[in-house]
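This report examines selected features of one protein chain. Please keep the sequence and the three-dimensional view at hand while reading.

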Amino acid sequence: MKLKRIIALSIVTALLFTLTGCFLLPEEEEFLQPPLRAPDRVEFTTIEVTRGDIADEVRGTGYLEARISTTVSFGDVSGRLKTLYFFSGHDVEEGDLLAELENDDLIEAYERQKIYTRLAEIDFERVPRRAPRLDREAAQLRLNLSKLDLERARTAVENTMLYSPVSGRIVYTTGFRLGEVVPNHSSIYSIADTENLVLRVSDDFASKVPLGTEVSFVLNTEIYNGTVVQTPPLNPDDAFDKGITVIECKDLELGDTRLGSGFSVTHRRASAENVIVIQNYLIRHDAGRSFVIILENGTPLERTVTVGISTSTFSEITDGLQEGDLLIR
């Protein structure tokens, strides 16, 4: 009985300590919410859509040359160079004496043969008409042989003299010095036909402009119009100038212009005035669709556009934008 009272007392004491501990614990603090903050406003860099002009042009450079150029040599004859009468840049006429090889001995032989031929003529004239037929025939044969020798001697002299076969401007003169031996068939001059001029272009322009295209070019600050008469796609595969475009200008005269002078040429493939024009970097492309990012009521939006004329830096927008729209860079 006494044991039960001790156990009951122990239980009561434990309960009292438990209740007292609960009252001694601090009160739980209320969790504080973080203060609310409005998000920062995003600033966009924009470009206002405006109107302007645009031109899709192909540009190139080239040089002036004669369509026909004739190379002149002494042919099968060789010898020491005696005289050059003309030099590069000189204009010559057909038949002008251009150069000579040393020919003093040949000229002397020719002059001697002229004398022998004249003596043969005299001997033939002295034969009476009633002389025996064989005497007169022999005199005629001696005269004929003398004339053949005279022609041979004249030809030998002529072969040492170089005449211009055409009229034009000398664009090349040999590098042989006077007194040096000139081998046969060595080029002495090149003569260009200055009445038949063309322009040759060999850069990117050549591959972009088709046959028959009308182009404009600037030569010595003057503007001319010409026609493309030769293009790389139509040149033979083995042509030495396979990549060359040739432009013909019928109104072009050489005048004081030098062959080989450089020029700039332009072909305008398309152009438009007072249209919507934007820089190419503003246009985006995805799966065949072209679009830009515009700012509308402070919100960036995609806008599909149609591109018209385009150059390396600018494009015409034919649909999708209006003047005053704001494009986001």
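How exposed is R118, in terms of relative accessibility? The relative accessibility of R118 is 41%, so this residue counts as partly exposed. The values in this report are computed from a predicted model.

## Helix α2

Several of its residues are buried, namely Y110, Q113, T117, A120 and F124. The cover over these buried residues includes helix α3, residues 133-158.

Two salt bridges involve the side chain of R118. With E121, the N to O distance is 2.9 Å; with E125, the closest N and O atoms are 4.0 Å apart. An α-helix has 3.6 residues a turn, so residues three or four places apart point the same way. E121 is partly exposed, at a relative accessible area of 24%, whereas E125 reaches 55% and counts as exposed.

The whole structure contains 19 salt bridges. One of them joins the side chains of D56 and R269, with an N to O distance of 3.4 Å. D56 lies in strand β2 (residues 51-66) and R269 in strand β15 (residues 262-279), so this pair ties together parts that are 213 residues apart in sequence.

The two partners can also be described by their accessibility. D56 has a relative accessible area of 15%; because buried means under 20%, D56 is buried. R269, at 44%, counts as partly exposed.

## A hairpin

Strands β19 (residues 306-310) and β20 (residues 314-319) pair in the antiparallel sense, over three bridges. The hairpin that joins β19 to β20 runs through three residues. Opposite V307 stands I317, a residue of β20.

## Positive phi angles in loops

Where in the chain does T221 lie? T221 is located in the loop between β12 (214-219) and β13 (222-230). Although T221 is not a glycine, its phi is positive, at about 70 degrees. T221 has a relative accessibility of 72% and so counts as exposed.

A287 is another non-glycine residue with a positive phi, near 55 degrees. The loop that holds A287 lies between β16 (284-286) and β17 (289-296). With a relative accessible area of 79%, A287 is exposed.

Definitions and conventions:
Residues numbered from 1 in each chain as written. Predicted model: local features only at pLDDT ≥ 70, side-chain atom pairs only at ≥ 80, totals over all residues. Heavy atoms only, no water. Buried < 20%, exposed > 50% of the residue type's maximum accessible area, 1.4 Å probe, protein only. Helix = DSSP H or I, 4+ residues; strand = E, 2+ residues; numbered from the N terminus. Contact = heavy atoms within 4.5 Å. Pairing = 2+ DSSP bridges.
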